[in-house]
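Please keep the sequence and the structure in view while reading.

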Amino acid sequence: VIKAGLFRILAAVLVFGAIASGLAQQQERTYEPVTDEMLLNPDPAEWLNWRGTLDLHGYSELDQINRETVGDLELAWAFPMPTGGMQEISPLVHDGIMYWASNDNIVQAVDAATGELIWEYRHVLPEFEGGYHNYQRMRQKNSVALYDDSVILSTVDAKLMSLDALTGQVEWEVQVHDWEAGYSYTAGPVVYDGVIYAGISGCSMTGTAGGCYITAHDVETGEEIWRVNTLADPQNEEVDASWNGLPVESRWGATPWTTGSVDPELGLTYWGTGMPIPYPEIIRGSGDGDALYTNSTLALDMETGEIAWYFQHLPRDNWDLDSPFERVLIDTEIDGEERSLLVTIPGKSSIAFALDRETGEFIWARDTIYQNVVTEIDPETGEVTLNEELIPTEVGQEVMVCPSLSGGKLWQAVSYSPLTNAMYAPLAETCNTVSPSPSEFLPGEAVGATSIGPRVLPPNQEEAGAIFAIDVTTGEHLWVHRQRPIFSGSVLTTAGGLLFAGDAARFLKAFDQETGEVLWETRLNSPIGGYMMTYEIDGEQYLAVPTGEVAQASSAASLFPEFPLVSGSNSLFVFKLPNDTGESAAAKE
Amino acid sequence: VKKLLLISLLAALGLAAAQVPAVPQELLDPRRRLAGDEVVFCLNEKSLTREFDERVAHEIANVLVLQAEIYPVDYSSFPLFNPEEFYFFLYIDLINNCDAFIGLNTSVPTYPDWIVPTRAYATVPYALMTGHDVDSLGELPAGTRIGSLMNTIGDTAFIAYNLSLPAERQWMRIPYGQIDVMMRHLLDGTIEAALAWEPTLRDELCRIDEPLSIVSLRPLTDVSVSMGALLLSQDDFLRALLDDAIGELISNGTMAQLLEEYGLSSGLSPSAEGAQR
């Protein structure tokens, strides 16, 4: 009893302390609510969305750090992540506060100029059964979005939450999906016009058979407005046919595990989906069907969730080459005509596609790294022809597939620069063997039913890492930078003419966007991870770089053994120019 | 003394220690149990064959003129796969609580060196539940929609056999991840037959009031789980005793009677029949 009493007193002191601290901070700070107008046309000094803007360009108009000054960058501050696991955070900045959600759904708000912690929220997670959720909790990506005066969080246990942006206090939380069935968020939400859009993960789990969803919610309450099932569509009979007539409860996959892009003008939000599960069709039972809507782009009506159009980038996937990655919205001129494009490297196969984002019409496709699963893409329709020799017809049959299930492309995001009208993509040259293999479905376990060999380099290739600069009007490669270590983090372009990228050998590099020349590099404590971003405070431009454990850096490490894998604690490094270097944005104005 | 020696040996030999699960020492009880004339069998309470296995444990002890004590444990799933967690708890139980863990699959080729299986006392097959008036899978017409519990031994064998047939003679396999969904679809007519481990099907059959029967997977053969006990590999002497006792139960017909009594008569494997002869 005494212990319980002491505990209560201590807890009360801590809670009051936290509240008092939060209130003190609240009194000291002001916070301008994030509006739709800000999200559409953000102040270049801020970084409001996981890729900066709703069209996912991953580009900053800041230019204080540029080709001439980048060599003077120095450390402003650094911050350790509160937990281990994979480093996939995506910091956001508004009103001088930097927000991120690291693993275990710990949200932290930090003074973006000094690195001083303002508040943190620690989500209480349930005790998970099986390995899946315990892996998910250690690979949380861009799990927060900013809207109004709130931070919107998606969690491992399939909840959406709203936190007060100044104090971190919980405003509301809703259980969107049943985590005990297997559902879990790994990527974050996007918010616009009072509506949260979020894609769920866990669609490879036994208990989630037949249901994988993108949902829309009221930002004030979390109440669900609509949901779309990526595995079934009563409005489209081609979906059932593409699964060889399997009942919906015998379908898995099509996981939308990357946050979508938004085009308010067209009223559409764009999401990518993952592979069908189990990976081999002889176990999945879908015959030679395409398994819709796996590996597809879905254009959804923002008001109703109705599928306006879809495009399947890799039908009949047998190799875990899923295609959920960012869909970038770019307006550009092609053959004298202004086009509204959706440009993407949607999947691990790393083939780049451009579609008309209003209609889904195919514009162009272009290979990047070596792949052997697609033999042809119809230049008129975009219809994909597979290399059927790589489709196993027996349990245990082994085939060599390029790229590997680590990509090619993975979650590491591309960047689009309007300066060059080019998209920059960090990719990896890898292959692995794949063979259908039985593994029992157990509660809490994801099953692909496939044995995977170690990562190896493709034929006649010695360099695993690559950055492709791709002309978005044609798909032409403007330049390709190759190196032995893979690039392990997302890339960032700026109006300073720079492309920032980081690799598994711990090098942070600044490239010239025009030429691919490396202008500056420095070495940090761990592989570069997560999503780099840049912002400005008091006329000084900052560059924030997450580092830490990256799964692809580990799995591909044997491809560049001269750079032994060093993985220190997960951290965030923030750089800026010395005060006496460069002309500040404020000074310019 | 035996267990003290074992722990000391494992602690001394880094290589050997590396082969056993990384169990904290404080979870292990190094004291020797005063077993007297008892042989203690761990038994998974969640096992669908637990009553049968418990009876077998007592029959084995009878042959050895010992008393069988059952130490019930709660393992949430039949441990064919996902071995790491299973090995962790199995190691603790075999050190702390029992001499042998009965009612487990003995035919897993990837058991680590510190585990030794007994000979199998029963071979319990995968089977088919259907409302069709047939005796086996082979009598179902081509194109029949057959649900199959995905990635089980039975499912893997079914896939391989089905793919070996000409397309016009193949059945339509519908994979399922959960037995309850498969049973619901069997009852609503989405599928015409359901393939799973026979004890699983019998467990489901007791709960439904439908004219369904369980039939064999013939012409597929040897699609089964070999039931036996697992011991620490150091317990060679006990393992030999258990093997002899199981052999005696098979040869004197006791096992055949038990299989029939517990509704597992179809599980008498050719090897067991051979032993009986």
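Axes are lines fitted to C-alpha atoms, for helices over the stretch in contact, and angles run from 0 to 180 degrees between N-to-C directions. Helices (H or I, at least four residues) and strands (E, at least two) are DSSP runs, numbered from the N terminus. The model is predicted, with local features needing pLDDT of at least 70 and side-chain atom pairs counting only at pLDDT 80 or more, while totals for chains, interfaces and linings use all residues. Residues are numbered from 1 along each chain as its sequence is written, chains are lettered from A and ligands numbered from 1 in the order in which they are written, and side-chain values use heavy atoms, with hydrogens and water left out.

In chain B, helix H3 (residues 50-63) packs against helix H9 (residues 254-261) at an angle of about 160°, the axes being 11 Å apart. H3(B) and H9(B) are therefore roughly antiparallel, a term for angles over 145 degrees. Their crossing is right-handed, which denotes that the near helix is turned clockwise from the far one by less than a right angle. From H3(B), Phe52(B), Arg55(B), Val56(B) and Glu59(B) meet Thr254(B), Met255(B), Leu258(B), Leu259(B) and Glu261(B) of H9(B), contact being heavy atoms within 4.5 Å. This contact comprises five nonpolar, one polar and three charged residues; Ala, Val, Leu, Ile, Met, Phe, Trp, Tyr, Cys and Pro count as nonpolar, Asp, Glu, Lys and Arg as charged, and the others, Gly among them, as polar.

Attention now turns to charge pairs. How many salt bridges does a search of the whole structure find? Over all chains there are 32, each a side-chain nitrogen of Lys or Arg within 4 Å of a carboxyl oxygen of Asp or Glu. One of them joins Arg316(A) to Glu281(A), with the closest N and O atoms 2.8 Å apart. Arg316(A) lies in the loop between strands S20 (307-312) and S21 (328-334) of chain A and Glu281(A) in helix H5 (residues 281-284) of chain A, so the pair ties together parts that are 35 residues apart in sequence. Arg316(A) counts as buried at 13% relative accessibility, and Glu281(A) is buried at 9%; buried means under 20% relative accessible area (1.4 Å probe, protein chains only).

Glu540(A) and Lys576(A) also meet in a salt bridge, at 3.0 Å from N to O. Glu540(A) belongs to strand S39 (residues 540-547) of chain A and Lys576(A) to strand S40 (residues 571-576) of chain A, so this pair links parts that are 36 residues apart in sequence. Glu540(A) is buried at 17%, as is Lys576(A) at 12%.

Technical notes
Angles under 35 degrees count as roughly parallel, over 145 as roughly antiparallel, 65 to 115 as roughly perpendicular and the rest as oblique. Buried means under 20% relative accessible area, exposed over 50%, partly exposed in between (1.4 Å probe, protein chains only).
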